Amino acid sequence: MSDKSVLLIEDEEDVAFIIRFLLERNGFAVEHAAEGRTAMARLRGDGPVPDLVLMDVMLPFHDGLEMLEILRGRTAWADVPVLMLTAKAREVDIVRALELGADDYVTKPFLADELLARIRRLLRRSR
Amino acid sequence: MLTKFANRYNFAFLAALFLLGVLYVEGRRTENNLRAANADASRTMARVSASQNILSALQDIETGARGFVITGRQEFLDPFYAGSSRLHVARESLMRTLPDDAWYQRWLARLEPAIQTRVQAGEAVVAAVQAGRPDEGARLVKSNVGRRAMDEVRRFISEFQWHEQRALQARNAGIIDQTTRTRALRLALLVAAGVLLLTAVLAINFHMEKRRRLLIRAREGEARERRQYEFLRTIIDTDENPIFVRDGHGRFILSNRALGDLVDCTPDDLESEAGPSAESLAILQPLLANDPEAHAGAVRRQDAVQLIDAAWQPRWFQVVKRGLPNEGTAAVLTVAVDISQRMRAERLKDDFVSTVSHELRTPLTSVRGAVDLLGSMAKDLPADAVALIEIAKKNAERLLRLINDLLDLQKLEAGQLKLFPAPHALRTLLESSIHAHEGYAVPLSVSVQLQTVPDVIVDVDADRFAQIMANLLSNAIKHSPATGAVVVNAECIGHSVKISVRDHGRGIPKDFRPHVFERFTQAESNDARSKGGTGLGLAIAKSMVEQMGGSIGFETAEGLGSTFHIVLPVKERIG
């Protein structure tokens with residue numbers, strides 16, 4: 001079984017490290033975009049579409065929700081499962097993300113097990 | 001209407017006028033009397049002079065006759081004839097001026113024959129001489145008939161003159177009498193009129209004085225009013241909240257500087273005849289709305305009325321309106337408490353809270369994640385390391401709980417916690433809460449039991465209900481002795497359900513009981529298990545329960561334990 005690829009869009013270095021550590025330990029190939037512009041280029045570009053996108057809502061230069069809209073606008077990326085990471089405690093933001101096309105969300109700080117479980121669930125469904 | 005003029009001053013004036021009238025009449029009468037007296041005197045004079053003329057005429061006749069007798073010359077007849085004609089004229093004049101009195105008739109009756117005798121004597125003499133008989137003439141003259149008659153005439157005339165003189169004197173005396181009499185009356189009248197005029201003058205002065213004093217008082221009153229008005233103006237201008245009174249026609253009867261500042265005008269501009277400009281009115285519109293409803297004298301409040309002021313800044317006001325029935329047609333007082341600061345502060349606080357929460361959570365994510373991962377590598381680590389990792393994990397959890405609790409409490413206090421109520425079976429909710437805490441209770445050898453639960457449905461936000469129950473349960477478990485039991489019970493009371501969580505711990509000390517639901521308060525305890533709480537749990541639980549429309553409370557007995565209960569409305573019963 002080929003490794004599932006995950007595109008991680010997260011600007012916090014430490015959080016990214018932890019997530020990458022966790023995912024790679026569990027057999028995922030992680031591609032990391034550290035901030036909005038790189039991420040935007042990746043989303044718009046012609047590179048391979050990952051199996052899952054793990055995205056922070058609050059990013060410098062580009063809003064996570066904005067990128068979500070763009071992502072969903074591209075046919076190739078339309079079906080990719082997107083898991084939002086959000087530190088925002090407000091329900092309104094979560095609801096907004098889900099409405100814009102995110103498949104699930106995890107609030108920070110998250111438990112490693114929970115994150116893995118949700119990722120796996122999303123991947124199961126999209127198969 | 002005429003009664004307005006019926007005062008004593010007008011009567012006095014009329015009386016004075018009457019007195020003056022009397023005086024005038026008196027004066028006229030005297031004048032007429034004098035004139036009559038004058039006329040009388042001149043007539044008397046005429047009579048007297050006529051009588052004198054008669055006398056002198058008779059003398060001329062006598063002289064002429066005598067002369068003619070003596071000399072026989074013609075020129076002595078001139079006085080005779082002249083005298084005769086003069087006599088005739090004088091007699092006529094006397095007859096004319098003689099009053100129609102008995103005395104004068106008698107006197108005339110005596111005078112006439114004497115005059116006649118005298119004239120005839122003269123004529124006889126003259127005739128005799130003319131006839132050429134001078135001796136006869138002389139003889140006639142010597143007979144003194146003429147002379148005797150002349151003496152008689154003279155006597156009569158003198159009597160007449162004397163009589164006239166007396167009459168004149170009497171008349172004069174009479175006039176003097178009359179004048180003297182009326183003088184007293186005139187003086188009296190004059191004095192009376194003078195007195196009345198004096199009183200009139202005094203009265204006028206008195207009233208003028210009174211009027212002057214009233215005017216002064218009125219002016220003082222005006223000045224006082226003006227000062228009070230200025231005082232009021234100063235007060236309302238000092239208040240930074242817009243205050244104004246508007247009447248039913250939309251005119252600003254009163255306004256203050258704060259209102260003017262909203263639209264960059266002065267209060268005078270707003271209160272002027274023309275009123276504020278159309279733009280100003282448009283800006284103020286949110287504060288002017290609902291005016292007509294308020295004219296009944298009732299007080300109306302509106303929270304958080306927003307408007308954009310002349311400087312394009314958003315402002316928020318809490319508006320209170322009251323009808324002022326005595327100040328004009330449908331006058332309404334509006335006081336707009338400026339809560340812009342508060343609103344802005346709240347918005348800042350909201351942003352702050354949400355920013356802070358994000359900022360706090362991010363590093364916590366890393367800590368928790370790292371510690372979590374370390375924990376999963378337990379088998380590769382020395383035993384000490386594992387213990388340390390456990391400590392880190394526990395405290396990361398604690399930190400996270402604290403952040404969440406703070407945010408919850410913040411939202412509750414701002415009234416911004418959103419509840420998503422839905423109907424749930426109470427039994428289900430309680431069972432899942434208890435189940436969730438088994439992991440906590442079992443290691444502490446505490447058992448959690450669910451006793452009776454009525455079959456009811458409650459309309460609550462399931463997550464928040466679980467949060468409340470978690471709070472009560474964790475407290476109960478924390479304070480239970482080993483092998484103790486925590487009992488959860490629910491019973492229906494009227495349209496509500498009372499859920500109790502009972503522990504058999506040491507109970508709540510008396511000193512702490514008033515502070516149970518306060519923030520950051522925890523009962524003093526040496527028990528290690530008590531540590532780890534945030535001190536916010538019950539404060540949050542209370543606030544949340546109350547927002548759900550319920551209540552929270554407790555009973556406790558030292559040494560026996562405590563029972564915490566919440567009361568919630570029941571949506572419906574099943575079965």
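**View 1. Arg233(B) sits in helix H5 of chain B, which spans residues 145-238.** Helices (H or I, at least four residues) and strands (E, at least two) are DSSP runs, numbered from the N terminus. The model is predicted: local features need pLDDT of at least 70, side-chain atom pairs count only at pLDDT 80 or more, and totals for chains, interfaces and linings use all residues. Residues are numbered from 1 along each chain as its sequence is written, chains are lettered from A and ligands numbered from 1 in the order in which they are written, and side-chain values use heavy atoms, with hydrogens and water left out. Arg233(B) counts as buried because its relative accessibility is 11%; buried means under 20% relative accessible area, exposed over 50%, and partly exposed in between (1.4 Å probe, protein chains only). The side chains of Arg233(B) and Glu271(B) are joined by a polar contact of 2.4 Å. A polar contact is a pair of N or O atoms within 3.5 Å; within protein, one must be able to donate a hydrogen and the other to accept it, and residues adjacent in sequence count only if both atoms are side-chain atoms. Leaving aside residues up to four places away in sequence, Arg233(B) touches Leu254(B), Ser255(B), Pro267(B) and Glu271(B). Contact means heavy atoms within 4.5 Å.

**View 2. Helix H8 of chain B, residues 278-288, has buried residues Ser280(B), Leu284(B), Leu287(B) and Leu288(B).** These residues lie on the same side of H8(B), because they cover an arc of only 75° around the axis. The arc is that of the directions from the helix axis to the C-beta atoms. Ala278(B), Glu279(B) and Ala282(B) are exposed on the other side of H8(B). The cover over the buried residues of H8(B) includes helix H6 (257-262) and strands S1 (243-246), S2 (252-255), S3 (299-308), S4 (314-324) and S5 (331-338) of chain B.

**View 3. At the interface, 21 residues of chain B contact 18 residues of chain A.** The two chains bury about 1,800 Å² between them, with 64% of it on carbon and sulfur atoms. Buried area is the accessible area (1.4 Å probe) that two parts lose on being put together, summed over both. On the chain B side, His358(B), Thr365(B) and Leu373(B) lose the most area to chain A, together 31% of what that side buries. Helix H9 (340-376) and helix H10 (383-413) of chain B each supply at least two residues of the side that touches chain A. H9(B) gives the most, with 14 residues.

**View 4. Thr362(B), in helix H9 of chain B, touches chain A residues Glu12(A), Val15(A) and Ala87(A).** That list does not count residues up to four places away in sequence. Thr362(B) is buried, with a relative accessible area of 5%. Across the interface of chain B and chain A, 4 residue pairs are in polar contact, both at pLDDT 80 or more.

**View 5. Leu115(A) lies in helix H5 of chain A, residues 112-126.** Leu115(A) is buried, at 0% relative accessible area. Not counting residues up to four places away in sequence, Leu115(A) touches Ile19(A), Leu22(A), Leu54(A), Leu83(A), Leu85(A), Val106(A) and Phe110(A). Tyr105(A) is 10 residues from Leu115(A) in sequence and 9.3 Å away in space, C-alpha to C-alpha. Chain A has 5 helices and 5 strands, in the pattern β-α-β-α-β-α-β-α-β-α along the sequence.
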